[in-house]
Amino acid sequence: MAGRRKLLLANQRSLQSLLRAGESRQFAGAATALKQDVQPVRPYEDIPGPKPIPLLGNKFRFMPGFRKYNFNDMFEVGKQFYEEFGPISKFTGLEPLHDMVFVFDPKDVETMLRNEGPWPYRRHLGCLEYYRKHTRKDFFKGVGGVLIDQGKDWQEARHHVNPIMMQTKIVEMYTPKIDQVAEDFTLLLPGLVDSKNEMPENFNNELHKWALESIAVVALDTRLGCLDANLEADSEPQKMIDSVHTLLIVMHSLELGGEAFLWRHFPTPSWSKFIKTIDFFLDVSHKYVLQAMERSKSRTANQEPSALERLLKRDPNPTRAVVMALDMLMAGIDTTSHSLTNVLLHLSENQDKQEILHQELKRIMPNQHAPITNEMLNEMKFLKACVKESMRMMPVVPGTMRRTFNEIVLSNYRIPVGVDVLMLNGAMSRFSEHYTEPEKFKPERWFRDDQEEKIKPFVTLPFGHGSRKCVGFRFALLEMEITLAKMVRRFRWEFKYGPMKYKSALVHAPVSPLKFTIHKR
Ligand code: HEM
């Protein structure tokens, strides 16, 4: 009895110190957890995880010969950590990186995300920050942008961008333009296949072109021309396409690969390529932003301004508009093209679901070539469910990360300030305690009236959550839904070379050749 009272007292004391340490509102979640659970809060040191060794910490685990954990596949790492250590684990000794805590319990995800504070901190790309804040500070003059800024600067940037990028009405204005890009892309498909109706090995590049052309419509207010036939090698669209390809490779090398940290000391080969490529991106974006500024001067009152013109209206500093355009190009290409690939793969593996989708599309789009409107999209319930289900099973961003800015209690462990909490929602979305038959592609589970499935919050978050959620998620969905509708309305898709292999780089990407077979309907 005395021992129990002691525990309760300790519990109350730790709760009081927690409440004293921060704003009481922010610990509401933790407080409820503590009241219900009489277990004393355990110290950070007790969280299980791979043991660091003197001098090298846990960094040796990335060296050849010591790779017990498969860091090339974040889903696999998640599974390995969960099976070895349980629902919470820590990965320390990674300096100069901060300690990481991996969580797999939706209650912890909720506590963390409800306590992320006014300026949620997500670890950002060091090479991009260095480029904007040091290498080219002549141009950026301290403007970092939503991708890399933190604190008040980040909040200020989102304050300008949210009312434009996150507003359904503005996003819906883009449907005809996004539809035109999707139409141009779909018309190219029959010309890409070989005599067996198979896509080429590098179909991935074609999808990148589509994603670049689509997001440029929003970010740069222009059609770049990436889908034009016979592009000259030194034409702007071809150079943009090549640059996207180069950036994806070199940024991975600078952030996670062989040159990570080295570039801070001397200009490594990837760093030099990175500067050359991103300077080109900067020049192109600057040019189109200046053109939009000119256009907006001659806009009449009855003409709707574009998203870029609205951004410039809210904040006439063109540097901010250029930075936002760059962020959209950096964050909106491979994410969208890989997500579309994944839906096509899931539909190829599940021909019965593809047929249900085809029937829905035939009903809503009796004329294959007629433009898709917002009203038609709203009717495409099964299509939307297919996209959601595919993103549950294979999200391109396997988890959400937040750095603690105050002490917090997760799974009854005290987490100190400055720890990167990685919420592995991708792995959680495949747990049978959260979904019935989680390994099965069942779009119907997303219907509200589905009797078998009651969707739990904080499990599946492919676009993140809260005030730092993906700023482009509405545009990403619009692009994917319109293009998928056209692709499945006109062709039956098959993939004969599965299972697809994946690799986690900056995003979790399909890496086997995308040799889809298409059959004209
Ligand atoms: C299917 C495609 C996409 C996926 C799965 C995706 C996913 C994500 C995720 C998970 C985050 C982090 C959210 C968080 O920390 O809570 C994010 C951030 C972001 N995304 Fe996306 N994204 C996609 C497409 C796009 C597009 C098309 C754009 C451009 C318009 C975009 C722009 C951004 C930006 C700028 C951020 C940083 C936001 C901030 O830190 O405030 N994304 N995205």
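A word on the annotation used below: UniProt positions follow the numbering used here, and such annotations may be inferred rather than shown by experiment. Please also keep in mind that this is a predicted model. Here are my notes.

1. **Overall fold.** The chain holds 20 helices and 10 strands. Its C-alpha trace spans about 80 × 55 × 55 Å along the principal axes. The radius of gyration is 24 Å, which agrees with the value near 24 Å for a compact globule of 521 residues. Of those 521 residues, 41% count as buried. Taking contacts between residues at least 6 apart in sequence, 71% join residues at least 24 apart.

2. **The ligand shell.** The ligand is surrounded by 26 residues, and the closest are Ala331, Gly332, Gly464, Cys470 and Gly472. Two or more residues come from each of α14 (318-331), α15 (334-349) and α20 (473-490). By type, the shell divides into 13 nonpolar, 8 polar and 5 charged residues.

3. The unreviewed UniProt entry lists Cys470 under "binding site", and in the model Cys470 is among the residues closest to the ligand. Cys470 sits in the loop between α19 (425-428) and α20. Leaving aside residues up to four places away in sequence, Cys470 touches Phe463 and Gly464.

4. **A helix pair.** Two packed helices are described by the angle between their axes and the distance between the axes. For α16 (residues 351-364) and α18 (residues 381-393), the angle is about 145° and the axes are 8 Å apart. Lys353, Ile356, Leu357 and Glu360 of α16 meet Phe382, Leu383 and Cys386 of α18. That contact comprises 5 nonpolar residues, no polar ones and 2 charged.

5. **Backbone points to check by eye.** Most residues other than glycine have a negative phi, and most peptide bonds are trans. The bond from Glu95 to Pro96 is cis, with omega near 10°, and Pro96 lies in the loop between β1 (88-91) and β2 (100-103). Gly498 and Pro499 are also joined by a cis peptide bond, with omega about -5°; Pro499 is in the loop between β7 (491-495) and β8 (502-504).

6. **Positive phi in one loop.** Asp221 has a phi of about 60° and Asn230 one near 50°. Asp221 is in the loop between α10 (203-219) and α11 (236-255), and Asn230 is likewise placed between α10 and α11. Are these residues buried or exposed? Asp221 is buried because 23 C-beta neighbours lie inside 10 Å, whereas Asn230, with 6 other C-beta atoms within 10 Å, is exposed.

Key: Residues numbered from 1 in each chain as written. Predicted model: local features only at pLDDT ≥ 70, side-chain atom pairs only at ≥ 80, totals over all residues. Axes fitted to C-alpha atoms, helices over the stretch in contact; angles between N-to-C directions. Helix = DSSP H or I, 4+ residues; strand = E, 2+ residues; numbered from the N terminus. Contact = placed C-beta atoms within 7 Å. Nonpolar A, V, L, I, M, F, W, Y, C, P; charged D, E, K, R; others polar. Near = placed C-beta within 6 Å. Rg over C-alpha atoms; globule rule 2.2 N^0.38 Å. Buried ≥ 20, exposed ≤ 12 C-beta atoms within 10 Å, placed from the backbone.
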